[in-house]
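I set down here what I looked up in this structure, entry by entry.

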Amino acid sequence: MTAIRPCSIVEPSSAAVGIVVDSPHSGMVWPDDFTPAASREAILTTWDAFVDELWGDAPAAGATLLAAHFPRAYVDVNRAADDIDPELLTEPWPVPLSPTDFTRRGMGLIRRNALPDVPMYDRKLEPAEVAQRIITYYRPYRDALKGRLDALHERFGVVWHINCHSMKSRGNAMNVDNGAARPDFVVSDRHATTAAAAHTAWVAEWFRKRGHWVTVNEPYQGGDLVRSFGAPVLGRHSIQVEINRALYMDEAAFARGARFGDVRALCGEFVRALSEYAGGQRGSGSAR
């Protein structure tokens with residue numbers, strides 16, 4: 001089997017700041033052993049299309065940019081490694097599993113469904129093949145993210161992690177907000193446990209001041225990446241940012257929309273503003 005490179009890392013192209021931007025769901029290069037029963041069109045709905053490109057100006061603002069190459073439909077790096085549906089497996093997992101509500105809704109580490117009532121597979125998976133996905137793709141991505149966050153935290157004493165996603169313009173039956181129209185941006189910190197509440201509020205307000213509808217922790221509270229890497233009392237602030245796909249793409253065609261450039265410019269402007277804000281927080285001694 002030929003493995004693909006798990007992720008790419010773009011280092012800062014200007015003076016480095018303590019910010020890491022990561023896009024864990026923007027990959028759509030299929031490993032050789034990914035043989036789903038669901039159609040490619042159904043699987044594309046799981047893709048955070050072009051999110052790595054939207055944040056592509058982050059390195060010019062001094063941030064580090066990390067992006068996955070593999071699809072979340074293959075293995076979801078934003079889930080805990082034990083968030084597995086045992087019904088997907090041909091035999092028991094070798095250690096106890098801890099399925100969450102994500103798994104119960106078909107969106108665990110290994111997806112059960114691509115869309116509501118659209119199974120991802122027409123077979124059960126061998127535990128060994130799931131383990132291989134974790135070893136080859138999941139762990140390297142997580143290790144790369146941890147390495148950058150640790151290095152910047154050691155250098156600056158505080159680090160900001162912006163975990164970037166896109167969302168359908170309306171929830172579906174696999175979501176907690178089935179049928180609801182979604183805001184332009186959702187900013188999440190798992191209810192102030194992965195970032196200082198004041199910092200999360202600043203992020204939300206920054207987007208609001210630019211005319212956008214923004215919610216905090218609703219309908220998304222934040223996934224396992226911010227949970228794993230956010231520790232505000234230690235000066236590690238992890239904030240999830242979801243962008244409504246209708247802002248920047250044609251959802252039906254899976255293509256960039258007329259406002260793509262505007263949204264990309266907005267994301268770059270945000271990283272520059274965050275760098276200034278974070279620097280001011282360090283200077284005031286309140287970064288933690």
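**Backbone geometry**

I began with P219, which lies in the loop between β8 (214–216) and α6. The model is a predicted one. The peptide bond joining E218 and P219 is cis, with omega at about 5°.

In the loop between β8 and α6 I also found N217. N217 has a positive phi of about 60° although it is not a glycine. Is N217 buried or exposed? Its relative accessible area is 8%, below the 20% limit, so I recorded N217 as buried.

H191 is another residue other than glycine with a positive phi, here near 60°. I located H191 in the loop between β7 and α5. H191 counts as exposed because its relative accessibility is 54%, over the 50% limit.

I next examined how far β9 is enclosed. Nine of the nine residues of β9 are buried, so the strand is largely enclosed by the rest of the structure. In a regular strand, side chains alternate between the two faces of the sheet. In β9 I found R236, S238, Q240, E242 and N244 pointing one way. H237, I239, V241 and I243 point the other way.

Which strands pair with β9? β6 pairs with β9 in the parallel sense over nine bridges. Strand β7 (residues 185–188) runs antiparallel to β9 and is joined to it by four bridges. I noted E242 of β9 in both pairings: H165 stands opposite E242, and V186 also stands opposite E242.

**The largest pocket**

I then turned to the largest pocket, whose volume is about 620 Å³. Its lining comprises 38 residues, and R79, F102, R105, M107 and Y220 lie nearest the centre. The elements giving two or more residues to this lining are α3 (101–104), β4 (113–115), β6 (159–167), α6 (224–229) and β9 (236–244). Which of the elements gives the most to the lining? I found that β6 does, with three residues. By class, the lining residues divide into 15 charged, 13 polar and ten nonpolar.

The charged end of R79 sits over the ring of F102, 3.7 Å from the ring centre. I recorded a further contact of this kind, in which the charged end of R256 sits over the ring of F260 at 5.8 Å from its centre.

**Aromatic pairs**

My search of the whole structure for aromatic pairs returned 16. W206 and F207 form an edge-to-face pair, 5.0 Å centre to centre with 85° between the planes. Both W206 and F207 are buried.

Why is the pair of W206 and F270 edge-to-face? The ring centres are 5.4 Å apart and the planes stand at 70°, over the limit of 60 degrees, so the pair falls in that class. This pair links distant parts of the chain, with W206 in helix α5 (residues 197–208) and F270 in helix α7 (residues 260–284), 64 residues apart. Both W206 and F270 are buried.

**A last entry on helix α7**

I placed A278 in helix α7. A278 is buried, with a relative accessible area of 3%. From A278 to P116 I noted 162 residues in sequence and 41 Å in space, C-alpha to C-alpha.

Notes: Residues are numbered from 1 along each chain as its sequence is written. This is a predicted model: local features need pLDDT of at least 70, side-chain atom pairs count only at pLDDT 80 or more; totals for chains, interfaces and linings use all residues. Side-chain values use heavy atoms; hydrogens and water are left out. Rings of Phe, Tyr and Trp (its six-membered ring) pair if their centres lie within 6.5 Å; planes under 30 degrees apart count as stacked, over 60 as edge-to-face and the rest as tilted. Buried means under 20% relative accessible area, exposed over 50%, partly exposed in between (1.4 Å probe, protein chains only). A charge sits over a ring if NZ of Lys or CZ of Arg is within 6 Å of the ring centre and within 35 degrees of the ring normal. On a 1 Å grid over the protein atoms alone, a cavity is a set of points where a 1.4 Å probe fits but cannot get out, and a pocket is an open set with protein on both sides within 12 Å along at least five of seven lines; lining residues have an atom within 4 Å of a point. Grid points are joined across faces, edges and corners, and a volume is the space filled by probe spheres set on the points. Ala, Val, Leu, Ile, Met, Phe, Trp, Tyr, Cys and Pro count as nonpolar, Asp, Glu, Lys and Arg as charged, and the others, Gly among them, as polar. Two strands pair if DSSP finds at least two bridges between them.
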